[in-house]
Amino acid sequence: MDGGKFSVMVKKTEITVSKLTNRAHVYAVEGGPPMLFDVDGRGNEIFPTVYALWKVPTLLKSFVLKGGEVSRFVIGGADLMFPGICVPPEGLPAFSAGEPWSVKVPGNAFPIAVGATCMSSKEASKASLRGKALRIIHYYQDTLWESAEGRYIPNDGFLEDVVLEDPTSIATSQATDPSESEVINASDHLLRGNGDDSEVDVQHGNKFDSRHDAAKQLGVENEDSDQIVKDLNTLKVTDDIEEDASSGKKEFSTMSVEEIDTLLDKCLLQALYTTVKDKDLPMPGSTLWSNHILACRPPGVTLDIKKSSHKKLSKWLLAKSSAGLISAKEDKHRKEVMLLGVNRGHPDYQAFKPEKRKANVAEATAPIPSESSKSQTQLEVIELWKSTIHINPILEAVGANPSHLYTASEAVDIVFSYVEKENLVKPHDKAMVVLNAIFCDALYKGTVKKGSTYPTEIHKKDLGSTFLSRMQSNHRVIRGNESVVRKGALKAVQIMTERRQGNKKVTRVSGLESFLVDADALASELQKKFACSTSVAEVPGKKGQNEVLVQGGVLEDLARHLVQQYGIPKKYIEILDKTRK
């Protein structure tokens, strides 16, 4: 990508140009799926399609979503907002407005959409990463993707209405990087040329004798063609992308429909036995498929629901619901089938013997880093919860100690253990929990206004958050061998720049104790880093809390230093510039 134009060295290859009613031009290579598209037909905005990005996933820079569920909105046609992007600890890389970027899902290497940035990285930082990040132009499941005759998906994480983690990503992540001898040019992936770059055959019969003519055909002006016609030989990708996919599906493609149905049933029963817990219900069908069923398939086997007799995941789950093995129902709001319950007394469930999976040897034998190798950047913040007088009866009923600290997941396990012990799940609606007198007081006593009635039931998805809201918040901070537990929410580090006499700037940083940062050591570091004088003083009115004073306006640089050298997450850093008018 260069200035919004997609530049390639065209070899002797047939390029099909399709002109759409909206003036867009779509370019396909040798009758294959579309590889490039020109938004307005003038060469101003040329983007690769998802098919091209699936050939070369690193062709564009990528925004990674916070979770697979966010992909529902992206492949539904919505633009990408900054709050939906997973921001790494070091922050987002620099970018300018109008740059082409792709969108990926965590744990899946293949992009799901492509678009243009709506603002620069500097503007995004000033806006505190709020607002629209990417104007989505093309995405998986849109009309352009569907227009391909041989349309396909790169892995099993691509479902009909959502894209989730690639089930094979765990295995592929353990593989070693390919050597230089195992890589090929990205231009061969995109164009599959014959080695002769003197001619190009286009659908309308035009032939070109030079690379400049080829650039013209792609909608590039003459004066720009010398600059933007480039060889993609610098881009290298592994030869194994298609080979791995074909080898993984080879065994599966030889199976009959009946054998595929049997394998699906076996993986479902294995998942119901091993990973699907009643407390996790109701569960979206897409989550059941990607996180549980695919994880239970035999090694080296690819599951494709479309090759079964059911063709669709929703039809298969509803068929199992009719057979009585599970309870499933279509959610009209989410437009997918939800798993509501599991009949663990069903004959098929009782007769099934789950397989024992071997532990991952690589994980078991992984070397444990020594204490001396831990750097000061290794910071761990754990949110903890303590019981209050309201919910003490719940913990005591299940044998939990009210004086102990619990993580959020442990606290949720406690409340669901109580539900299971008291048999409070509603018989005719497995998603609802009935509230007895003790449970109702624990969750709502003191919160319901006078004259209002107390609720008699609660949805399972709201039970965990409601229970946590009745507990006392705490947090544990760990840095190396140091560990401390404090009450309340974790207080952020405050960085402030202000003017003093003589119109000189000074930057203050306080709240370091929350993250086990030594103020004197930090002052010494900053003195060397910024080549300025520093000092440490007690915060006025706060005994035992120190602040570091740095001569000069180093607001952003200081915040970046705390992130990079001390591992403090950006969300725990507050900055204020009082020098701005």
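**Basis**

The model is predicted, local features need pLDDT of at least 70, side-chain atom pairs count only at pLDDT 80 or more, and totals for chains, interfaces and linings use all residues. Residues are numbered from 1 along each chain as its sequence is written, and side-chain values use heavy atoms, with hydrogens and water left out.

**Overall fold**

The protein chain has 20 helices and 26 strands. Helices (H or I, at least four residues) and strands (E, at least two) are DSSP runs, numbered from the N terminus. Of its 581 residues, 41% count as buried. Buried means under 20% relative accessible area, exposed means over 50%, and partly exposed lies in between, with a 1.4 Å probe and protein chains only. Among contacts between residues at least 6 apart in sequence, 61% join residues at least 24 apart; a contact means heavy atoms within 4.5 Å.

The structure holds zero disulfides, a disulfide being a pair of cysteine sulfur atoms within 2.5 Å. Cys 440 is buried at a relative accessible area of 9%, and Cys 532 is buried at 16%.

**The second largest pocket**

The second largest pocket contains about 1,600 Å³ of space. On a 1 Å grid over the protein atoms alone, a pocket is an open set of points where a 1.4 Å probe fits, with protein on both sides within 12 Å along at least five of seven lines; lining residues have an atom within 4 Å of a point. Grid points are joined across faces, edges and corners, and the volume is the space filled by probe spheres set on the points.

The lining of this pocket has 42 residues, and the closest to the centre are Ser 125, Ser 128, Leu 129, Lys 570 and Ile 575. At least two lining residues come from each of α3 (121–126), α20 (555–566) and β26 (573–577). Helix α20 gives the largest share, seven residues. By class, the lining has 20 nonpolar, eight polar and 14 charged residues. Here Ala, Val, Leu, Ile, Met, Phe, Trp, Tyr, Cys and Pro count as nonpolar, Asp, Glu, Lys and Arg as charged, and the others, Gly among them, as polar.

**Helices α17 and α18**

Helix α17 (residues 437–444) packs against helix α18 (residues 460–469) at an angle of about 65°, with the axes 8 Å apart. Phe 439, Leu 443 and Tyr 444 of α17 make the contact with Leu 463, Thr 466 and Phe 467 of α18. Five residues of this contact are nonpolar, one is polar and none is charged. The axes are lines fitted to C-alpha atoms, for helices over the stretch in contact, and angles run from 0 to 180 degrees between N-to-C directions.

**Residues with positive phi**

Most residues other than glycine have a negative phi. Gln 141 has a positive phi near 85° and sits in the loop between β9 (132–139) and α4 (143–146). Its relative accessibility of 22% makes Gln 141 partly exposed. Leu 516 also has a positive phi, near 55°, and is found in the loop between β23 (504–510) and α19 (519–530). Leu 516 counts as buried, at 17% relative accessibility.

**Pairs separated in sequence**

| Pair | Separation along the chain | C-alpha distance |
|---|---|---|
| Lys 353 and Gln 270 | 83 residues | 8.2 Å |
| Gln 350 and Leu 269 | 81 residues | 9.9 Å |
| Ile 414 and Gly 464 | 50 residues | 9.6 Å |
| Val 485 and Asn 474 | 11 residues | 7.1 Å |

Lys 353 lies in the loop between α13 (347–351) and α14 (361–364) and is exposed, at 73% relative accessibility. Gln 350 belongs to helix α13 and is exposed at 51%. Leaving out residues up to four places away in sequence, Gln 350 touches Tyr 273, Arg 344 and Gly 345.

Ile 414 is part of helix α16 (residues 408–422) and is buried, at 10% relative accessibility. With residues up to four places away again not counted, Ile 414 touches Leu 395, Val 398, Ala 400 and Tyr 406.

Val 485 is in strand β21 (residues 482–487) and is partly exposed, at 38% relative accessibility. Beyond its neighbours within four places in sequence, Val 485 is in contact with Leu 405, His 475 and Arg 476.
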